[in-house]
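Good morning, and thank you for coming. Please look at the structure on the screen while I go through a few local features.

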Amino acid sequence: MTQQDSQVRIERDSMGERQIPHHVYYGIQTLRATENFPISGIKPLPTYVDACVLIKKATAIANGELECISLEISQAIVAAADEVLSGKLRDQFVVDVYQAGAGTSHHMNVNEVLANRALEILGDEKGNYQRVSPNDHVNYGQSTNDVIPTAIRIGGLLAIKRTLYPALTGAIAALENKAVEFQDIVRSGRTHLQDAVPVRLGENFRAWAQIIQDHETRIKTAAQDLTILGLGGSAAGTGLNTHPQYCDRVAQILAELIDQPLRPAPHLMAAMQSMAPFVSVSGALRNLAQDCVKISHDLRLMDSGPKTGFKEIQLPPVQPGSSIMPGKYNPVMAEMTSMVCFQVMGYDNAIALAAQAGQLELNVMMPLIAYNLIHSIEILGNTLAALTQRCIKGISANRDRCFAYAEGSLALVTALNPYIGYLNAAAVAKESLETGKSLRQIVLERGLMTAEDLAKVLNLEQMSAMRSTQG
């Protein structure tokens, strides 16, 4: 009976022999990792798998061209990588996110899957590592120590391009559209959650659009560091066991595969040791998340009610809001947004702690950084896309309520300061609050201004108009 006919195959590593279920494509080192790390049940993110497999494809092409491995084996590894990138064998990447330091376990999982599938493509049996080896062929000229920080970079770039940038673009456009739609609606501004001078509802949405656009710029700046690769540094940054042309060639191939301007780092050891690029991108994400929380809280406040809150706007109802109170709808998309943003902020803190925990030539906390960074990008992008589609685009304004609040705000007295002085204006506001009389009535009764002048000064449309800037 051949090994192919058996339900198991025997694989060997430096620690001994183990039986491997014959149908799986991972090997002995992956099996050991699944036994050692039954921690969370969280498996590697698909985008992270893509990043690792793209690296393996690029390195196989480069090593084949440079005759470091045979062209036959190079092509088989590339074919196996292409299958994974098309969506096949995804259930074979099984190592828990919380695993061996630096990511060796996940790295070997990738190497073993590609080696075993390459063997099948060559007409051989899984496990015949004499012909295609996870270490000697798939991993030729590489180390976990240069592959994993490169995979975090590539995964981050892929996630930003696929998920975050489209979501940011969509959110900005939707907010700008609402700004135009609501431009002529005057509402009461509020500072310290107290009445403030009137503003345009449209300008609130335009301000949010500008805030998101500024964050997009910051993220793009931070992401530039992800394009500088330490791939080719091998185990410690010296490039041991690599071809002299490998470093430049593999960066060029990988750049073509992901359509990004990648280049080798000027000092490979530095690029492998420092987690600063990931901290920078994560910090930009945290910064975005913080403002998204503020925006989501503003939306909830402005929608509060319907009878006992502001209810200046109506967020689109998307699902029933209570298991006991009929007819209740909650601002669930805004609530979800805040929760995701809190998670991103927590991930950022963990990334900062992990980034400073490296020693000498290696940071062993990279698996945590990889998961937290890529996951942050993707959940933040998915959240903004959902918020835009299911909330922002469907917001309507309660024009009459907005105007009533603006007209009744004591803060309108601020516009009187240049004409009757701060102390007189404060006295008028106090009397209005105590008596319920309008500001206009009190000013006229006290003879502080003429009716004609008062009408000009307390013109809500003029008061709420944005001043132009030179920016």
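Two strands are called paired if DSSP finds at least two bridges between them. Strands (E, at least two residues) and helices (H or I, at least four) are DSSP runs numbered from the N terminus. The model is predicted, so local features need pLDDT of at least 70 and side-chain atom pairs count only at pLDDT 80 or more, while totals for chains, interfaces and linings use all residues. Residues are numbered from 1 along each chain as its sequence is written, and side-chain values use heavy atoms, leaving out hydrogens and water.

I begin with the hairpin. Strand E3, residues 186-191, pairs with strand E4, residues 194-200, in the antiparallel sense over five bridges. Val186 stands opposite Arg200 in E4. Two residues separate E3 and E4, and His192 in the turn has a positive phi of about 60°.

Next, the aromatic residues. Rings of Phe, Tyr and Trp (its six-membered ring) pair if their centres lie within 6.5 Å; planes under 30 degrees apart count as stacked, over 60 as edge-to-face and the rest as tilted. The whole structure holds three aromatic pairs. In one of them, the ring centres of Phe182 and Phe205 are 5.3 Å apart and the planes are at 65°, so this pair is edge-to-face. Phe182 lies in the loop between helix H6 (144-181) and E3, and Phe205 in helix H7 (residues 201-223), so the pair ties together parts 23 residues apart in sequence. Phe182, Phe205 and Trp208 form one aromatic cluster.
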